[in-house]
Amino acid sequence: MTGDQITGRVGERGELGRMLTEIRAGSGRALVLCGEPGAGKSTLLRHAAGEAAPARVLWATGVEPESGMAFAALHQLLHPVAGLVEALPDAQRQAVRTVLGLAEPTAEADRFLVSAGVLSLLVEAAAPQGLLLCVVDDFQWVDQASADALLFAARRFGGHGVGLLIGTRDTGAARQALRGVRTLEIGGLDAGSAGEVLAARAAVAPAPHVVELVTAATGGNPLALRETAALLSTEQLTGRAPLPDPLPAGDGVAAVYGEQVAQLPEAVRLVLLVAALEGRGDPLLIREAAGRLGAGADSLDAAEAAGVIDMRPAQITFRHPLLRSAVHSGAAPAARRAVHGQLAVLLDERGEWERGARHRAEAATGPEEGVAAGLAAVAERARARGGYADAARTWAWAAELTPDPGTRARRFKDTAVAAWLGGHAGQARTALAAARDLAREPVLLAAVAQLDGRFELSSGDAAEAQRVFLAAADRVMAEPTGVVRGTVLGLLADAAEAASAVGDTGAAVHIGRRVEDLGRLHGPAQEPAEAFLHGVLAGMGAMYGGEAERGARLLRGALDGLADVGDGAAAFGGQAAMLLWAAAAASLLGDSDAAGDHGARAGRVARVSGMVGTLPVVLENAATAERMNSGFALSAALSEEGLALARETGTVNSVAAHLANLAVCAAVRGEEDDCRGFAHEALVIAIPHRLGLRAGVATYALGLLDLGLGRFDRAHERLASLATAGPGTGHPVVAWGSVADRVEAAVAAGDLAAAREGAGFLEQWSARSSSARARALLARCRALVTDDDTAAAALLQEALELLAEDGGAAYDRARTALLLGERLRRDRRAGAARPPLRQAAETFHRLGAAPWEDRARSELRAAGESGEPTGPDALAALTSQELRIARLVADGASNKDVAARLFLSPRTVEYHLYKVYPKLGITSRTELARLLQ
């Protein structure tokens, strides 16, 4: 449809034209047309599709009966380009093939993996012409899985010339789903355009005052104007006869349609009801069902003649969605149930059991296990394909139709899991409460409690999550029927994770003892995964309980068995979760290199397996490991990715973790406003949620910022508070890890007693570590608290030597070199001071640590050298997305591998690499790998 076939709408057409121009220029855009029924949204969508040439246009329309069928709308939209799926990365290809019905699920798909596959497929579809327009009408009826995937993709279209144009009714649910997407409100027509609509429908020029009255009564709604014009006589339109009072307009349009349907013969109403409930407009199915219910073959023809439906060989459609609604609402409940029952029979005969199960449920008059089991099977299939939100709704429906309380409890529990994974926390908690009220079986009660705790740990009070996990573990262990060892161990592991988030070392000790009690009561673990987790939890408890030697032995034994964990990891959250426990164990042993390696491997496993539900948490550890190993730019990039995913998945506590890490990275760079903003946001979440670890990191960031900017008194105050913060407001790991900064701040602030106390604390902690870096930091602190300049210089030199072979210690090495240079210059040894100061300045420059570089260069000038930076750090020119891509490519990943890991399309990766190479002054992957070594 072209623009001159639309009455009025000049502004709206202009907005659509601008969107199409931007898409043709290679930009990705999304736009929502929002308005009441009859406002003309579909007409504008068709206009845009007609104007889109030479763009390829894909179209889908939401259908109310399929609004709960996962990926129904996506199947419509993508079916014409299904042949391009082979170009996708492996994991994305399998996920999209499953969604399009081209393959059966081989493993549970993550909804974000499906979404990434949809993005890749749309980018591939745009490639021939360089642009693509996706049009989705009646979005308010699009299934949640399709909506999630499309909106995920729309946020990442970037520079690919892909557009998404959505038409939706103005409902609260639609606005919530589409928040953040540019919206164009489609209101009523002005009086001039309304007069044109009235004249076109009535074939007579209406009087100006009649136009005014009818426009006011209808709100300018085009559909209401057309229907009202058809109901008014020529005399009334021209003003020679009075208008009816009230006018049959506005909300009355639906009533007019209802009256139109009610006047049709019974057989015609029956066939219309079949068409309304069938949903897809399948002529063969509608005719067969209507015939079996007693409607004659000519009934559809009569419905078409009455102007209610349009019939084409492949599809029957209602002339307007309000007509379908009128048919549905005008039918008796018993008639609707009869039609649903007949449709279920026919669909079963066709082998379309999923649709049949839904119709059979609609026909049910009360709980019935056969019907409920059919719905549960539909929900299970939706979950396997990554359609968690739709699976949750279907499982809830199945639960309501389940007569047995225990089975109903399990289905409500399944509802809760799917709702949580689908990003619907409120529905998840409601379903979990229903499951809790019904559950009686110990193992099911434990599973419900574990979910309750996981939800709380993810987005609520970590201390409450810890209590829930421990209470559930105690209940299961006390059961006279025996204990399921893996269940208890899993609950205790979750409790340990919560205790770590809180910073409650006493709880960690208690959990370690409970794990050892479990071993004494039921013998040593036989499965490698259980043995590994048992060793980690018991070792952590021993370490925190003051048994450093025994704890270290247990932790090292557990790490020795990590390679044997294998498939048994699935019972405890999967391989990525096991690697995170390994990272925690290595960190407690002071082995930062191994901790970073395990954390990075966890990230790779989570990406490749599509475990996006856990990926924000995995990225917390990967980002922290990069920061601890001086990779501040990459650490910030990982946290930016993790922050976006945490917000999209609703994992609020992970949001706090990434904000806190971003605050530290900003502090190193001296970006005061960003540091304060990130830290404040993190603390706003962390303090009420009792996230001591995240609160501690955010506070550390503020102290480090002050230290770098030379505000030593304030830095001393902030960093000293970390040592006294209790569970929920601080964390021992943060207190231990920040001791070297605390000692430096105390010395600079003139509080030598506090500095010596910190150095003594570090000496005790370092005794359990074999790490060269830990010994180097201890030597540095001893140098700071001694009055002997010669001894201080020797200790700082010793620290530099210890750090020389540690590739991840660049930041600490530069900090140490700066202190050595400052000490030598103050001792009037300017010549000896210049090399370490030069080394420090160059390293700080490369790391982007601006305030530290300024301090080193100031000292260097005072020592008689005026050298300036040789040039900006090349990596600083990259965006966070480019840096993530560059790092993976440098590690040997192909474009498809990178796309799979970052939930992008291969073409997006290629697009970014074309920008990365010139920025870095290189031309090949080999050079990139060499640069990023």
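Predicted model: local features only at pLDDT ≥ 70, side-chain atom pairs only at ≥ 80, totals over all residues.

User: Why are α20 and α21 called roughly antiparallel?

Analyst: Start with the angle. Helix α20 (residues 388-400) packs with helix α21 (residues 405-421) at about 165°. Angles over 145 degrees count as roughly antiparallel. The value passes that cut-off, so α20 is roughly antiparallel to α21. Their axes are 8 Å apart, and the crossing of α20 and α21 is left-handed.

User: Which residues make that contact?

Analyst: From α20 they are Y388, A389, A391, A392, W395, A396, A398, A399 and E400. From α21 they include R408, R411, F412, D414 and L421. By class, the contact has 12 nonpolar, one polar and four charged residues.

User: What makes α40 and α42 roughly parallel to each other?

Analyst: Again, look at the angle. Helix α40 (residues 772-785) and helix α42 (residues 810-826) cross at roughly 25°. Angles under 35 degrees count as roughly parallel. The pair is under that limit, so α40 and α42 are roughly parallel. Their axes come within 11 Å. The crossing of α40 and α42 is left-handed.

User: What does the contact of α40 with α42 consist of, by class?

Analyst: There are four nonpolar, one polar and five charged residues. R773, L777, R780, A783 and L784 come from α40. D812, R815, T816, L819 and R823 come from α42.

User: How do you know whether G163 is buried or exposed?

Analyst: Compare its accessible area with the cut-off. The relative accessible area of G163 is 0%. Buried means under 20%. Therefore G163 is buried. The residue sits in strand β4 (residues 162-169). Leaving aside residues up to four places away in sequence, G163 touches M19, I23, R29, L132, L133, C134 and F157. Take L132: it is 31 residues from G163 along the chain, and their C-alpha atoms are separated by 6.2 Å.

User: And L33, buried or exposed?

Analyst: L33 has a relative accessible area of 0%. That is under the 20% limit, so L33 is buried. L33 belongs to strand β1 (residues 29-35). Its contacts, not counting residues up to four places away in sequence, include L16, K41, L44, L165, G167 and I186. L533 lies 500 residues from L33 along the chain, and the C-alpha atoms of the two are separated by 53 Å.

User: Why is helix α45 described as largely enclosed by the rest of the structure?

Analyst: Count the buried residues. Nine of the 11 residues of helix α45 (residues 880-890) are buried, so α45 is largely enclosed. Among them are Q881, E882, R884, I885 and V889. The buried residues of α45 pack against α32 (632-649), α46 (895-902), α47 (906-920) and α48 (925-931). G892 follows α45 and has a positive phi, near 105°.

User: What is noted about the phi of F71 and of R828?

Analyst: Neither is a glycine, yet each has a positive phi. For F71, phi is about 70°. For R828, phi is about 60°. F71 is in the loop between β2 and α3 (72-78). R828 is in the loop between α42 and α43 (830-847).

User: Why is F71 called buried and R828 exposed?

Analyst: F71 has a relative accessible area of 2%. The limit for buried is under 20%, so F71 is buried. R828 has 79% relative accessibility. Exposed means over 50%, so R828 counts as exposed.

User: Which peptide bond is cis?

Analyst: The bond from A53 to P54 is cis, with omega near 10°. P54 lies in the loop between α2 (41-51) and β2 (56-61).

User: Which residues touch the most other members of the largest nonpolar core?

Analyst: That core has 239 residues, and L78, L122, F532, W581, L704, F844 and L928 touch the most other members. L928 touches A886, V889, A890, Y917, L920 and I922, not counting residues up to four places away in sequence. A second, separate core has 32 residues, including V271, A290, I309 and F318.

Definitions and conventions: Residues numbered from 1 in each chain as written. Heavy atoms only, no water. Axes fitted to C-alpha atoms, helices over the stretch in contact; angles between N-to-C directions. Helix = DSSP H or I, 4+ residues; strand = E, 2+ residues; numbered from the N terminus. Parallel < 35°, antiparallel > 145°, perpendicular 65-115°, else oblique. Left-handed = near helix turned anticlockwise from the far one by under 90°. Contact = heavy atoms within 4.5 Å. Nonpolar A, V, L, I, M, F, W, Y, C, P; charged D, E, K, R; others polar. Buried < 20%, exposed > 50% of the residue type's maximum accessible area, 1.4 Å probe, protein only. Core = buried A, V, L, I, M, F, W, Y, C linked by side-chain atoms within 4.5 Å.
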